Amino acid sequence: MEKEIIETAVKAAGRAGALLKDNLGRAGKIEYKGAVNIVTELDRKSEDLIIETILKAFPGHGILTEEREELKKPGPFRWIIDPLDGTTNYAHGFPFFCVSIAFEEAGVIRFGAVYDPMLDELFTAEAGKGAYLNDRLIHVSDVEDLSRSLLATGFPYDLRTSKENNLDHFADFTLRAQAIRRAGSAALDLCYLASGRFDGFWEMKLKPWDVAAASLIVKEAGGAISDFKGAEFSIHGNECLASNGLIHAEMLRVLSKKIDKKTAFAR
Ligand code: IPD
Ligand code: CA
Ligand code: CA
């Protein structure tokens, strides 16, 4: 991997993160993209800053980002960006959000960076080279039982109008895990899983920019990631199940609903 790719991703994440941190509590005008799906002025400013940083170094690369049309370029290189993951938190001044930047070559994610400016935590991974939190190599947890695990999830923005809104799985897991957190940033949730703070994560209807960087970080930290049936995970798919690997089968059983109703109360 070209050193300049990593340096550019880290620089862009750092600049955008600093901008977001400095403006927390001043999100600016809020626009509604859906009933509960918002975008703030700071989402767009962060996006502009990241795009500018990347295009200055790599004017020939494509860019897929949340708040504007995809910038298509010939050639195999594309950046996939969420300029602010955790917008709802951000708009309320709840300090759990991040910037997510992935670099893709011919459809394969080669590098990912997720930056939480509030804690100054930078999660990174290069394909085949492990995952890091700042300078420290990270690894998923060794919790073996779902009943002892701390899980994370989120709900899709169409939850008021779609039956596939995760409330059923949420109830099933709530009765079987030690506890569940709904913190509001899928990319950070996945990085918390990669660093052993969470043991499992599931969510549906995520977008490529939510998961492009963090899914590589999970894999490189030794985690397992799949769809809800255990098939190969895709950043373009509808389902994301990630875990420390040890509780993956148990989580798949819960998602498949092929579970003994009594198991929730067995331990
Ligand atoms: C959202 C967050 C949230 C998840 C949503 C995402 P945004 O991204 O990651 O945790 O539950 O599904 O869309 O809109 O804050 O970038
Ligand atoms: Ca997002
Ligand atoms: Ca976003």
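Let me begin with a term: on a 1 Å grid over the protein atoms alone, a cavity is a set of points where a 1.4 Å probe fits but cannot get out, whereas a pocket is an open set with protein on both sides within 12 Å along at least five of seven lines, and lining residues have an atom within 4 Å of a point. What we have here is a predicted model, in which local features need pLDDT of at least 70 and side-chain atom pairs count only at pLDDT 80 or more, while totals for chains, interfaces and linings use all residues. Residues are numbered from 1 along each chain as its sequence is written, chains are lettered from A and ligands numbered from 1 in the order in which they are written, and side-chain values use heavy atoms, with hydrogens and water left out.

With that term in hand, the structure holds 1 cavity of 30 Å³ or more, and the volume of the largest cavity is about 40 Å³, a volume being the space filled by probe spheres set on the grid points, which are joined across faces, edges and corners. Its lining includes Glu203, Leu206, Lys207, Val211 and Phe233, and by class the lining has 5 nonpolar, 3 polar and 3 charged residues. For those classes, Ala, Val, Leu, Ile, Met, Phe, Trp, Tyr, Cys and Pro count as nonpolar, Asp, Glu, Lys and Arg as charged, and the others, Gly among them, as polar.

Now to the domains. The assignment gives domain 1 (3-137) and domain 2 (146-266), with bounds that come from an automatic or database domain assignment. Their centres, taken over C-alpha atoms, are separated by 22 Å, and the contact between them (heavy atoms within 4.5 Å) takes 41 residues from domain 1 and 26 residues from domain 2.

Where does the largest pocket lie? Both domain 1 and domain 2 give residues to its lining, so the largest pocket lies between them. About 590 Å³ of space lies in this pocket, and of the 31 residues that line it, the closest to its centre are Asn37, Phe155, Tyr157, Glu203 and Asp210. The elements that give two or more residues to the lining are β4 (77-85), α3 (87-92), β12 and α6 (208-220), where helices (H or I, at least four residues) and strands (E, at least two) are DSSP runs, numbered from the N terminus. By class, the pocket lining has 11 nonpolar, 8 polar and 12 charged residues.

Let me turn to the sheets, in which two strands pair if DSSP finds at least two bridges between them. An open sheet of 7 strands, with mixed pairing, has the order β3-β4-β5-β6-β7-β8-β9. At its edges stand β3 (62-65) and β9 (136-138), each with a single partner strand, so one side of each is left without a neighbour in the sheet. Strands β3 and β4 run parallel and are joined by 4 bridges, and Thr65 stands opposite Ile81 in β4. Helix α2 (residues 41-57) packs on this sheet, touching β3, β4 and β5 (98-105), and its direction makes about 155 degrees with that of β4; axes are lines fitted to C-alpha atoms, for helices over the stretch in contact, and angles run from 0 to 180 degrees between N-to-C directions.

The other sheet is also open and mixed, with 5 strands in the order β11-β10-β12-β14-β13. Strand β12 (residues 200-204) pairs with β14 (residues 239-243) in the antiparallel sense over 5 bridges, and Trp202 stands opposite Leu241 in β14.
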